[in-house]
Amino acid sequence: MSDRHEHSHPHDHEHEQDHGHGDGHGLRHDQGHRHDQGHRHGLRHRVGHLLTPHSHETADKVDSALESSARGMRALWVSLGVLGVTALAQAVVVAVSGSVALLGDTVHNTADALTAVPLGIAFMLGRRAATRRFTYGYGRAEDLAGLVIVLTIAASAAFAGWTAVDRLLDPRPVAHVPAVAVAALVGFAGNEWVARYRIRVGRSIGSAALVADGLHARTDGFTSLAVLLGAGGSALGWQLADPIVGLAITAAIVLVLRDAAREVFRRVMDAVDPALVDRAERALTEVPGVRGVGELRLRWIGHRLRAEVAVVVDGDVTVREAHRIAVDAEHALLHAVPRLTAALVHADPEPAPGESDPHLPLAHHIAA
């Protein structure tokens, strides 16, 4: 016997749910859920984040799917404009000075600006509704965009390194050294502003690709400062200063490539912060009627989370009571897990003495 119905529960905390239920074994719930909480950071915490930026998968702020995609799009186009102007100004100075250090910085800035294109496409795709073919929607497009960004960083590192080695083998003087220094400062200012903006928005909406892009921009800023060293060496008559700084910039690009690749690889492989899993388990164990937590899985789809969980309930309760417990379990998850927008809750009866495992008919379908 089974029944299918839909209902919604309005809550004062802007929590909306739309549930479709099957036969009492699998309970699927899709909803929009938003929590806005402010938090303060000490000076040490802020400095730590500046020097070691990373995505916070346990951040406390959750945006709706539509709002978060819109914020991501806005961050991309604003940063594209800022970096575009920065790269154009630097390109003019490169043309008149011949500085390979500044050339490497300009190429990297240009590549960073252009990464807004695949990310923008990904955010637009992510806003499309799920279909019968793409039943989970198009959120995975963000992960593909992250791979494109990693490849772009790798290409810019290869170009900057090749140019620096070529100039190292064939040293030439740098002209208009003061202009090179000014261009380096402009590059740092533009990149640091964009980095802060992208990382902040990326963390708040849970987009690993946007955070990776912010890391990319931040490294660009510090490599722009390195150009100042090359300009200073050139001003003192040391021709090798410019290509050596170019090589240092290449090394910095390789470092950010490593961090960005690790971030994107983890997301593609469905990795989540283990603290999120612990948080979800604690929330479920506190739900009245839940006697145990079985299999619990979390995965990112774009910048939104989905959960699949089996909870153990009293085997003698009615289907309606098991349904109520499952709804309460989902409700607890929504409060405990940031950016969770969908949950599949499976109710398992508590084993009785002498009773066979109810999942035994499925055993031969499970690969060893």
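Surface patches were taken as groups of residues with over 30% relative accessible area and no salt bridge, in which like charges are joined within 9 Å and nonpolar side chains (Val, Leu, Ile, Met, Phe, Trp, Tyr) within 5 Å. A salt bridge is a side-chain nitrogen of Lys or Arg within 4 Å of a carboxyl oxygen of Asp or Glu. Accessible areas come from the Shrake-Rupley method with a 1.4 Å probe, and for residues only the protein chains shown count as cover. The model is predicted, with local features requiring pLDDT of at least 70 and side-chain atom pairs pLDDT 80 or more, whereas totals for chains, interfaces and linings use all residues. Residues are numbered from 1 along each chain as its sequence is written, and side-chain values use heavy atoms, without hydrogens and water.

Val165, Leu168, Leu169, Trp238, Leu240, Ile244 and Leu247 form a nonpolar surface patch of about 610 Å². Helix 5 and helix 8 (241-268) each contribute at least two residues, and helix 5 gives the most, with 3 residues. Trp238 lies in the loop between helix 7 (208-235) and helix 8. Helices (H or I, at least four residues) and strands (E, at least two) are DSSP runs numbered from the N terminus.

Helix 5 (residues 141-169) also packs against helix 3 (residues 100-114), the axes coming within 9 Å and crossing at roughly 170°. Helix 3 is therefore roughly antiparallel to helix 5 (angles over 145 degrees; under 35 is roughly parallel, 65 to 115 roughly perpendicular and the rest oblique). Axes are lines fitted to C-alpha atoms, for helices over the stretch in contact, with angles from 0 to 180 degrees between N-to-C directions. In contact (heavy atoms within 4.5 Å) are, among others, Val107 and Ala111 of helix 3 and Phe159 and Arg167 of helix 5. This contact has 7 nonpolar, 5 polar and 1 charged residues, where Ala, Val, Leu, Ile, Met, Phe, Trp, Tyr, Cys and Pro count as nonpolar, Asp, Glu, Lys and Arg as charged, and the others, Gly among them, as polar.

The axes of helix 4 and helix 5 come within 8 Å and cross at roughly 175°, so helix 4 is roughly antiparallel to helix 5. The contact includes Phe123 of helix 4 and Val148 of helix 5.
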